[in-house]
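Hi,

Here's the structure I said I'd pass on. Have a look at it first, then read my notes below.

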Amino acid sequence: MHFISTRDRNFRVELSRALLDGLAPDGGLYVPEVFPSFNVEDIPKGSGITEIARHLLEPFFEGDPLHASLEEICEETFGFEVPLVDVGRDTSVLELFHGPTAAFKDVGAGFLASCMSRLNKGAQRSRTVLVATSGDTGSAVAAAFHGKPNVDVVILYPKGKVSPRQEAQLTCWEGNVRTLRVRGVFDDCQRIVKEAFADEEWRNQMMLTSANSINIGRLLPQMTYYAASTLWYRERHGVSPNFVIPSGNLGNALACLYARECGVPIGDVVLAVNANQPVVHYLQSGEYKGFDTVGTLANAMDVGDPSNMERLRFLWPDVGRIREKISAHQVDDAAIEEAIREGNEKWGQVWDPHTACGVAVRERLESSHWVVVATAHPAKFETVVEPLIGKEVEVPEQLAELLGGSDHAVECGPTLDEVKSALG
Ligand SMILES: *Cc1c(COP(=O)(O)O)cnc(C)c1O
């Protein structure tokens, strides 16, 4: 199996190279050259997600040095539950928030950590994963790579621009994870990362690599929870489910579409987006353009120019085809609040603002058999959720552990030189 660049079909690399590169050298995104066919009949009834992951991912690993470790990688990636919970009203919820940082990004980060620590085995020096974060990605990467051999992590986050709970999850690390509190905004952190990659000497010295959301290594493991939940749903209800996916950069949605292209019997795919315009505008007008980002309650979906749009348009260059494959519904902050407020009464559940977008969209859909993808635990967004439901949200154990740690971050100014000297 090879991966090709969205900007050059003739540029082909194997899995390991695609994972380490992140972005293809021509600036395109890596995509699978073909979609291998996945046959439901090959999966024993009652299989868990690790076994399903191994079946689905096997062809993507073919011909790659990581192939020999596929089983261990799947076990490490899914070291936590991914339950599909029936909540009534012809609806189930796929809970992707039982990982270490209580959001679905733990799946992709865990897979990358598992792969990268193996790719650098036996090397003289550790690779360094450098990440700029506006909140959630950095903690998922830190939790996933912490304690893994052969890889170090450096996280840059903007001082005073993340919530107290986000900050605790970013700063509690020691050992191979170092966190820098940058006196600046998120864009400064991102600029420093770009400058670091452009600084050839330092890049080579640190063996820099990235773990950002455009890495194909995030999409591949995400496909597996769509395959698993589809099989579980069919075992329980005898029919294939449709999915509502809260979306921003479209990584989670693309993983679902890739799984369906491989033959996983997934029904309709509906994207739930917040007040940010790009996807809905594109589907309506047929013309793609990026927008300025709008801040919303579902802030992990605040994306004005989704990077995975390039993968979507590569898959189906014709917007007419895309309209046959997906639809998208917009949910404003008032509707998010209403869904959270009504969560208990209507569903007996507490939703985080992102999942609430999905639930609000589910409520608009007539047909039956929907799975709403729950992307985060409500305890991560307690400042939004608690006033709306009038009670405290219990913090899951794994999250409480991170929140109870002490602050090991080092503060520095917003330049690459200051970052270098802070790292010593
Ligand atoms: C990142 C994130 C999303 C959006 O996922 P994309 O893959 O960027 O579309 C939704 N919900 C939560 C909680 C997230 O952290």
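Of the chain's 424 residues, 57% are buried, meaning under 20% relative accessible area with a 1.4 Å probe and protein chains only as cover. Bear in mind that this is a predicted model, where local features need pLDDT of at least 70, side-chain atom pairs count only at pLDDT 80 or more, and totals for chains, interfaces and linings use all residues. Residues are numbered from 1 along each chain as its sequence is written, and side-chain values use heavy atoms, with hydrogens and water left out.

Overall dimensions: a compact globule of 424 residues would have a radius of gyration near 22 Å, and the chain's 20 Å agrees with that (taken over C-alpha atoms; the rule is 2.2 Å times the number of residues to the power 0.38). Along the principal axes, the C-alpha atoms fill a box of roughly 60 × 50 × 45 Å.

You'll find 18 helices and 14 strands (DSSP runs numbered from the N terminus: H or I of at least four residues for helices, E of at least two for strands).

H4 (residues 105-119) is mostly covered, with 14 of its 15 residues buried.

In H16 (residues 382-389), the buried set is Glu382, Val384, Val385, Glu386 and Leu388. Those residues pack against H6 (164-171), H14 (333-347) and H15 (353-364), with contact meaning heavy atoms within 4.5 Å. Gly390 follows H16 and has a positive phi, near 70 degrees.

Cheers

Definitions and conventions
Buried < 20%, exposed > 50% of the residue type's maximum accessible area, 1.4 Å probe, protein only.
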